[in-house]
Amino acid sequence: MHIVVCVKQVPDTKIIKINPKTNTLDRRSAPAILNPYDAHAVQAAVKIKEKIGGSISVLSMGPPQATAVIKKSVEIGADKGYLISDRAFAGADTLATSYALSKALERINKECPVDLVICGKHAIDGDTGQVGPGIARRMDIPPVTNVIDVSEVNLEEKTVLIKRKLSNGYELIQAELPCLLTVEKEINDIEYSPMTNMIKAARYEPVIWAVSDLEDVDKTQLGLKGSPTIVGKMFTPPRAEGGKKIEGSADEQVKQLMEILLENRDVLTIQSTNQ
């Protein structure tokens, strides 16, 4: 069982700022981290490996400093890491990114056949959720999104039993291997890494490939040239005005809320009637 997890280095969006002059992300304002959804994807792969054995590779695209997220993945439990890094990849949108990653997966698959690809639901800096399904489309394997549990992997029958989240519940799916999963945070909790993994990660040097290391690459589909979408503008949404902050103990907050509802009951009744 060979699992490949696609990971991305992203700015920590909890503290990142937007440059008011250029309307772009001020990446210097926040540290780079492993995309949280991707961390859960790596942890999901580790859980599968613990049950049925096999190996885990991680794959990323980015500048040389993106090796940090591969090392972090090794710390969680991955065995090997690949980074594709080349100026030709710069400025890629989700379409060009999925193309580049699929070409790297082709090479990994030649070296060691890939049974399962796992991605995070989306990256927290773009929130598109398009790269995972884009990779699956290019590899001609089925994608299953919003996965919250991998119940069973049957290597003899080449199937995987999956639970995926819907807006009004969940559904169980049996997919054929190889396939691609995008996972939600609910799929697991990130566990503390053992000291052996931490030592291995500190010493590990990922494999780095340039465009010339990949086969049959159409360079017009890479980077800015291969990106039909651009970010026209970024801005901080205006702070919502109005409202009232309720403070105090739970009982005091309930009392204040009831007073507000009673004061406005005529308005609420009219709105309810109109609906």
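Is Asp 12 buried or exposed, and what is its relative accessible area? In the predicted model examined here, Asp 12 is buried, because its relative accessible area of 17% lies under the 20% limit for that class. The residue is located in the loop that runs between strands β2 (9-11) and β3 (17-19). When residues up to four places away in sequence are set aside, Asp 12 is in contact with Ala 30, Pro 31 and Ile 33.

Charged pairs were considered next. Side chains of opposite charge can pair when their charged atoms come close. A total of 15 salt bridges is present in the structure. One of them joins Glu 215 to Lys 110, with the closest N and O atoms 2.6 Å apart. This pair connects distant parts of the chain, since 105 residues separate the two partners. Glu 215 belongs to the loop between β13 (207-209) and α6 (250-263), whereas Lys 110 is part of helix α3 (residues 94-111). With a relative accessible area of 45%, Glu 215 is partly exposed. Lys 110, in contrast, is classed as exposed because its value of 62% is over the 50% limit.

A further salt bridge is formed between the side chains of Glu 184 and Lys 165, with an N to O distance of 3.7 Å. Here too the pair links distant parts of the chain, the partners being 19 residues apart. Glu 184 is placed in the loop between β12 (179-183) and α5 (195-203), and Lys 165 lies in strand β10 (residues 159-166). The two residues fall into separate accessibility classes: Glu 184 is buried, with a relative accessible area of 3%, while Lys 165 is partly exposed at 30%. Both residues also take part in a network of salt bridges, in which Lys 121, Lys 165, Glu 184 and Glu 186 are linked.

Another salt bridge brings together Glu 247 and Lys 245, the closest N and O atoms being 3.9 Å apart. This pair counts as a salt bridge because the distance of 3.9 Å is within the 4 Å cut-off. Glu 247 is partly exposed, with a relative accessibility of 49%. Lys 245 is exposed, with a relative accessible area of 68%.

Methods:
Residues numbered from 1 in each chain as written. Predicted model: local features only at pLDDT ≥ 70, side-chain atom pairs only at ≥ 80, totals over all residues. Heavy atoms only, no water. Helix = DSSP H or I, 4+ residues; strand = E, 2+ residues; numbered from the N terminus. Buried < 20%, exposed > 50% of the residue type's maximum accessible area, 1.4 Å probe, protein only. Contact = heavy atoms within 4.5 Å.
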